[in-house]
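Hi,

Here is the structure I promised to pass on.

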Amino acid sequence: MLNLLVLSVSHSAQSPALSYITSIWHNRLYLYSAAAVFVGIWISLKMGLKKQSLSADTAPKVYKAEKKNGCSDRDAVVHVSGVKIFFGSQTGTAKGFAKQLSEEVQTLGLTCEVIDMKEYDPDDRLADECTSRSVCVFIVATYTDGQPTENAEWFCKWLEEASTDFRYGNTYLKGLRYAVFGLGNSVYVGHYNTVGKNVDKWLWMLSGVRIMTRGEGDCNVVKSRNGSVQADFEAWKVKFLNRLQNLVKGDKKSCSGNCKNGGSCKNKRKDGHGQEEEEDEDLMESSSDEDESGLQEGKKSVVDMEDLGDIMTSVKKAKVKKEKEEEELSKLNGVKKVEDEGERREMITPALREALTKQGYKLIGSHSGVKLCRWTKSMLRGRGGCYKHTFYGIESHRCMETTPSLACANKCVFCWRHHTNPVGTEWRWKMDPPEKILQDSLEKHENMIRQFRGVPGVKPERYEEGLAVKHCALSLVGEPIMYPEINTFLRLLHSHRISSFLVTNAQFPQEIRSLVPVTQLYVSVDASTKDSLKKIDRPLFKDFWPRFQDSLRALGEKRQRTVYRLTLVKAWNVEEMQAYSELIALGQPDFIEVKGVTYCGESSASSLTMANVPWHQEVVAFVQQLADMLPQYEIACEHEHSNCLLIAHTKFKVDGEWWTWIDYERFQELVQVHEDSGGQQSFSALDYVAKTPRWALFGAEEQGFDPNDTRFQRRNKTKDISGC
């Protein structure tokens, strides 16, 4: 009993301490939590202080992006380590833009590298750009049939395949920041800026981040937003540099309210409208949003081939719908604007004016030009005339080579102007009056002739004759028949007693039919099949072959002198003998000029080389075979110095003698009677013929060189390839 009492007292004495310990034990979890909170706060404070001290020592180009409302996937540290500019160029324009942009970027204190796409392996290196904190710029041109330029072929092929290859995955280029500027010509309907659009789309499909809207430069001054491709680039460049500066500062692009991830954007104004991007959307073409709308599913997961077909079909339908809407809108709102001459743009842009002036062209107004032919210079010195002198009796020192339209509907591989002239399928520019064009042409031509006064070797009598123009070769550059007032211009020439030699590229059949009488009308027949014509002439018209054939039929309807001009390009069109004979039967020309192509030097715009230039013996062999296939034609004349021969219809062979020359005074009399009769009194090619001299005939010892002149052999000097 006593023991129990002592134990009870002892237990009562120890109960406060035991209860305290027991309480702590039962509430140990709260103590652990409090300790964890304390440690967490302590660690956070330490990290914050450390981060603050580091940021004070960091380079000024590294900034922390401020967190804003919505679009949380864009809240990342912006750090621009440099800019890499990739270019795909054929004629050098895109390359020039890349170098120009590089210089501008470097003025901002950023490193910049210009990269030729041909020398860059995207399979090994492009993914590295995702983590290099650089901005990649792609300046790419669209070449023939909407294809990439030669130096960009592999890059674009790889990018296209990677964008649909599940082995790469749709996040392969996640983190790549890029901008695209495309170069094209809206005249090529269906292929305008195709490469730029595709590169933009493929990068986006691989999760690249577009830092600004794609820019598009248009070589067609009529539809160019800023008047020329150079001005389009300048406008885009300003926006890009502003955007780049904002990236360096850590600023983010304002959300337009329509995020690309397919979801609704959280960054909405209270009035329900998304914040508008500063000014980018106003100056730039829209991005490939129409493509992206159909590819959203493809970016989220792997797309089955069946689904991909449906997606691309919907994309094409969207594009067609958009084009139709734009066309209808332009018809409703743009008719008066097009008709108003004051609203039209000039054909010759400042850059084009500079390029043509360097080539020796004397530009007239806004779309015409004149240039002194090398054969004019040659005959002034008594060193021989051109093949037209041999074939038709032209006085080369009295011939003016000009054009009322620098624009052309083709981009021929052998063009000796290296495609510096504009292109188009219809007249959409400001138009100068024909009176002014002729007056200025005569004045500028006369001024160029006057520069030969007193030059050693120039014959005084020919110098005096050369001041009075007697012939006009409308073959300088471009497509003269495109000029809406071409008939008025021809009448003005004839009123000045100047003969007319008009050359057309067989793409405007209706204009050929509506032409007034011409001293001699040419059609360039550069190939005899649809495929080879497309390859050589690279026409703008989609229906170029029906137009070509109809132009030949239109030529056959003319009563005055008509000529086919065949340009032989070795390994391209010299083996199409039967097809050529069929085309000749279609138009029944009076004459057929066959000339070996002239090599105009290396050009990035053409793959033509000296290997494509046939020897004179090869041209002679071709002409002999062709003439054998034509029952009513024979070889009449030869001009060996121009590598050219003339096949003539046998109606010009009278009593065994050729009459291929022209009685120019008789032509002027006939055309005057025709005009006075209001077009009722017509005349034919046989009404103004003249006898061909012996030295001009095929097989003559002179080989077409006028014995009254002295043959001059040029040695160790650059050959002047200008002339008609």
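Between which two strands is the loop that holds N643? The loop runs between strand 15 (633–639) and strand 16 (644–649). Before we go on, keep in mind that this is a predicted model.

I picked out N643 for its backbone: its phi is positive, at about 55°, although the residue is not a glycine. Is N643 buried or exposed? With a relative accessible area of 12%, N643 is buried, because the cut-off for that word is under 20%.

R133 isn't a glycine, yet it has a positive phi of about 60°. You'll find R133 in the loop between helix 4 (122–125) and strand 3 (134–141).

Now for the protein chain as a whole. How many helices and strands does it have? The secondary structure comes to 23 helices and 20 strands. The chain has 724 residues, and 49% of them are buried; N643 is one of the buried residues.

The contacts are worth a look too. Take the contacts between residues at least 6 apart in sequence: 76% of these join residues at least 24 apart.

Last, the surface. The accessible surface of the protein chain is about 36300 Å². Carbon and sulfur atoms account for 51% of that area.

Cheers

Key
Residues are numbered from 1 along each chain as its sequence is written. This is a predicted model: local features need pLDDT of at least 70, side-chain atom pairs count only at pLDDT 80 or more; totals for chains, interfaces and linings use all residues. Side-chain values use heavy atoms; hydrogens and water are left out. Helices (H or I, at least four residues) and strands (E, at least two) are DSSP runs, numbered from the N terminus. Buried means under 20% relative accessible area, exposed over 50%, partly exposed in between (1.4 Å probe, protein chains only). Contact means heavy atoms within 4.5 Å. Accessible areas come from the Shrake-Rupley method with a 1.4 Å probe; for residues, only the protein chains shown count as cover.
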